[in-house]
Amino acid sequence: MSTLEIKDLHASVTTDAGAKEILRGVDLTVRAGETHAIMGPNGSGKSTLAYAIAGHPKYQITSGEVLLDGENVLEMTVDERARAGLFLAMQYPVEVPGVSMANFLRSAATAVRGEAPKLRTWVKEVKGAMEDLEIDQAFAERSVNEGFSGGEKKRHEVLQLSLLKPKIAILDETDSGLDVDALRVVSDGVNRYKAAGDVGVLLITHYTRILKHIEPDFVHVFAGGRVVESGGAELADELETNGYVKFTGAGAAAS
Amino acid sequence: MSSSETVAANPEGRTYGRGGVPPAGAMERFTSYDVEAFEVPGGREEIWRFTPMKRLRGLHDGTAAFDGTAAIGVTGGDGVTAETVGRDDARIGQGGIPSDRVGAQAWSGFREATVVTLDGTPEPVTITLDGPGEGATAVAHLQIRTTPHTQATVVVEGRGSGALADNIEFVVADGSKLVVIVTEEWADDAVHVSAQHIALGRDATIVATSIAFGGDLVRISPTVNYTAPGGSAELFGLGFADAGQHLEQRLLVDHSTPNCTSNVLYKNALQGKEGVTDAHTVWIGDVLIRAAAEQTETFEFNRNLVLTPHARADSVPNLEIETGEIAGAGHASATGRFDDEQLFYLQSRGIPEDAARRLVVRGFFGEILSRIPVTELRERLEAAVEAELAFTGV
């Protein structure tokens, strides 16, 4: 049973005009077995929250805490966070020319599992995971994300999720840029991951459509760098109907 | 990264040394077999301005004693003929003419040349080029030629100590394909200044890979001449400059006949050290498309990866075009440090920072090394890259 606790988290980026605060006191707890959806308008800081938890060097944490099973995540390096059981499926996965997907996946699995997976079972495992996500085996020999379409990149993010089996997965706009079929494939992948282990999911999205495939237990509205309202799945329906207008006012007031 | 690091790159693709007045372009390049036809360079000339002249051991100004010899060894086999010939052999010079004083010095000075003729589909051939030994200077002349429709692979290994000036001719006959890998695996003291002259016949192909790891100063100047239509040149390069090393690559691809192609990809990594002369790479990529060279297709790309402070990469791509009737022409150059986004991505999957860095560098060179068809050589070079990386702890 894992728990990710985010307590009064504040984070800034450095701009030409000085430090700019983006996260303004985020409080959120994600427990194993739960799926949380964070929804909010563009520019509300949703992605910043994801990157700040993962440890992207662009963001400075100015106050607050992030704990994974009581351990202080903010004191860990980026790779230590991943090995501790955090995973971020990125909105814009990075291309790494010259590093094959196969080599990358094996390096990552070796690091996260603490030992190199046995070659024979590993090949089978990867092949099966790729088939589940309808990824052509030829991708294994291609450079990481290089020349992949938007949909192919997202499938590979979920492929990594399924192989690395984190305790808590943060999915940052994994649904953006996907057509209907790809959305189904990717959502099925996330649901398989949820079903296979006692894991927590934090799903960041702008649209409600992915929530028709991945059912959230909790929905949070994010505006002005913090959670401004929380509820059950019905909150997503309300957002679908009324949009974010009501909350952008609240976010502005909070700042 | 410390502020003492220098990264020099020229995204505009044109650098004209002093005063902004373009020198005579590569179109009017002076060539001669005679060393006396060239003035002694002082180091401010366009073609010498990046080279540390003091470290040339006198190869350029007549002060080198040329008291040593550089032995050339050739592994035999079916379809491989190695000959030692005199200066008057009619074949000598079919590859090209020197265009700088060191090349002409080597040409004026050699007594015997090695000519290796490849016929049919021989097994890969290895040619060794040994330096004259520490403190000694030497010249050498090597010609590698194919017969029509031959398909052959040659590895030329430069190794040992001392200072060597040479000309290497590649005469690629009609319809033949020559895959050549030239490695600079010299000892730390070595100086190698080499002019490579590539002459391509009708529908002939060369795939040339230049690997530069060793030596104190290595300056390689490959020139591609198309003697008939349909020629294709693919030129790849990989350099790894350590603290104090100067690795210079000066390419000229001279498109003078129609329907020829060229593709150039050179990649260098640099790692310097505090208190030692900067690790330095220089890449000059001149491509000419003359008026007659219609339907030319050419692309050249240089990438430099600066691993540490105290390193300097100069990159000057240059394209001169005299006809609008071309299939395509492009060039690009990029010099950078480690991409932080790549490191973040790899680390976010649990891969420790040092392993992530190694993955990125391996990947950077993998694009060149993976094309080397000789397995044993490829593995040796991959191991050499690993050793370089382990040395700095990158």
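Me: In what order do the 9 strands of the open sheet in chain B run?
Reply: In this predicted model, local features need pLDDT of at least 70 and side-chain atom pairs count only at pLDDT 80 or more, while totals for chains, interfaces and linings use all residues. Residues are numbered from 1 along each chain as its sequence is written, with chains lettered from A and ligands numbered from 1 in the order in which they are written. Strands (E, at least two residues) and helices (H or I, at least four) are DSSP runs numbered from the N terminus, and two strands pair if DSSP finds at least two bridges between them. The pairing in this open sheet is mixed, and the order is E2-E3-E5-E7-E9-E11-E13-E15-E17.

Me: Which strands of chain B stand at the edges of the sheet?
Reply: A strand at the edge has a single partner strand, so one side of it is left without a neighbour in the sheet. In chain B this applies to E2 (80-86) and E17 (311-321).

Me: Which residue in E7(B) is the bridge partner of Thr137(B)?
Reply: Strand E5 (residues 137-146) and strand E7 (residues 163-172) of chain B pair in the parallel sense over 9 bridges. Within E7(B), the bridge partner of Thr137(B) is Ala163(B).

Me: At what angle do H3 and H5 of chain A pack?
Reply: Axes are lines fitted to C-alpha atoms, for helices over the stretch in contact, and angles run from 0 to 180 degrees between N-to-C directions. The axes of H3 (residues 101-113) and H5 (residues 150-164) of chain A lie 10 Å apart, and the angle is about 35°.

Me: Which residues in H5(A) are met by those in H3(A)?
Reply: Contact requires the C-beta atoms of two residues, placed from the backbone, to lie within 7 Å. From H3(A), the residues are Met101(A), Leu105(A), Ala108(A), Ala109(A) and Val112(A), and those they meet in H5(A) are His156(A), Gln160(A), Leu163(A) and Leu164(A).

Me: Which elements of chain A give two or more residues to the side that touches chain B?
Reply: Between the chains, 20 residues of chain A are in contact with 20 residues of chain B. On the chain A side, the elements giving two or more residues are H2 (78-84), E7 (96-100), H3 and H5.

Me: Which strand supplies the largest share of the side of domain 1 of chain B that touches domain 2?
Reply: Chain B is divided into domain 1 (67-337) and domain 2 (339-394), with bounds that come from an automatic or database domain assignment. Here 18 residues of domain 1 are in contact with 18 residues of domain 2. The largest share on the domain 1 side, 3 residues, comes from E12(B).
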